Amino acid sequence: MDLVFATNNQHKLKELQAILGEDFHLLSLKDIGCNEEIPEEQPTLEGNASQKSFYIFNKYGYDCFADDTGLEIEALNGEPGVFSARYAGKEKSAEANMKKVLERMAKINQRKARFRTVISLIIRGEEKRFEGIVSGEILKEKRGNSGFGYDPIFQPEGLNQSFAEMGLADKNKISHRGHAVEKLVNYLKEIE
């Protein structure tokens with residue numbers, strides 16, 4: 001089954017294709033000739049995921065899915081949340097975003113956080129949503145160099161490695177995106 005994943009993020013695409021396996025062939029925005037910036041103007045992860053998937057479905061006619069992910073830090077009242085990608089500015093710099101979080105958390109001992117992913121799937125004009133959450137804590141400094149985004153400063157609950165110190169397969173087994181995609185895949189297999 002061909003499905004468009006509404007992203008230009010090659011890391012996400014690779015991560016998702018690894019989880020989906022060979023039953024599904026992911027097409028990127030580039031593959032369908034979508035070169036414009038897809039709007040993300042909603043105040044929630046759910047709203048952004050839906051806005052992106054409906055944009056692709058309505059404009060290009062493909063069954064598709066889009067996700068939005070946020071890092072939600074308890075001591076910062078859920079920040080950066082929906083603004084995770086652009087927390088330190090429009091440049092969407094992972095380094096600047098991590099630096100801002102570490103600076104804001106410098107004097108805070110309560111470091112609970114969670115990653116939350118919401119996927120909006122559009123098949124034949126109908127929307128289904130799937131959510132994945134992984135709880136953990138914000139580290140005091142970066143560790144590891146794989147993954148992307150906030151991975152070097154997030155340590156999942158019950159583990160002693162940051163996401164950036166794990167291999168892709170291990171991360172996918174426990175990650176927020178992995179949980180949401182697992183629900184997506186189970187649903188797709190049911191309707192196939």
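Tutor: Gladly, and we start with the elements: helices (H or I, at least four residues) and strands (E, at least two) are DSSP runs, numbered from the N terminus. This is a predicted model, in which local features need pLDDT of at least 70, side-chain atom pairs count only at pLDDT 80 or more, and totals for chains, interfaces and linings use all residues. Residues are numbered from 1 along each chain as its sequence is written, and side-chain values use heavy atoms, with hydrogens and water left out.

Student: Which residues have a positive phi although they are not glycines?

Tutor: Asn77 is one of them, with a phi of about 55°; it sits in the loop between S3 and S4. Arg124 is another, at about 50°, in the loop between S5 and S6.

Student: Is Asn77 called buried or exposed, and why?

Tutor: Buried means under 20% relative accessible area, exposed over 50%, and partly exposed in between (1.4 Å probe, protein chains only). Asn77 has 74% relative accessibility, so it counts as exposed. Arg124 has a relative accessible area of 63%, so Arg124 is exposed too.

Student: Why does Ser28 count as buried?

Tutor: Its relative accessibility is 4%, so Ser28 counts as buried. Ser28 is found in the loop between strand S2 (25-27) and helix H2 (45-60).

Student: What is Ser28 in contact with, leaving aside its neighbours within four places in sequence?

Tutor: Contact means heavy atoms within 4.5 Å. With those neighbours left aside, Ser28 touches Phe5, Thr7 and Leu13.

Student: How do you know that the span of H2 is close to what is expected?

Tutor: The expected span of a helix is 1.5 Å times one less than its number of residues. H2 has 16 residues and reaches 23 Å from its first C-alpha to its last, close to the expected 22 Å. Its buried residues include Leu45, Gly47, Ala49 and Ile56, and what covers the buried residues of H2 includes S1, S3, S5 and S6.

Student: What about helix H5?

Tutor: H5 (residues 176-191) also has 16 residues, and its reach of 23 Å is close to the 22 Å expected. Among its buried residues are Ala180, Val181, Leu184 and Leu188. The buried residues of H5 pack against several elements, including strand S1 (2-5), helix H1 (10-20) and helix H4 (168-174).

Student: How many helices and strands does the chain have?

Tutor: There are 5 helices and 7 strands, and from the N terminus on the elements run β-α-β-α-β-β-α-β-β-β-α-α.

Student: Why is the chain called as compact as a globular protein of its length?

Tutor: The radius of gyration is taken over C-alpha atoms, and the globule rule is 2.2 Å times the number of residues to the power 0.38. For 192 residues the rule gives 16 Å, and the radius of gyration of the chain is 16 Å, close to that value, so the chain is as compact as a globular protein of that length. Of its 192 residues, 46% count as buried.

Student: What joins Glu79 and Pro80?

Tutor: A cis peptide bond, with omega about -5°; Pro80 lies in strand S4 (residues 79-80).
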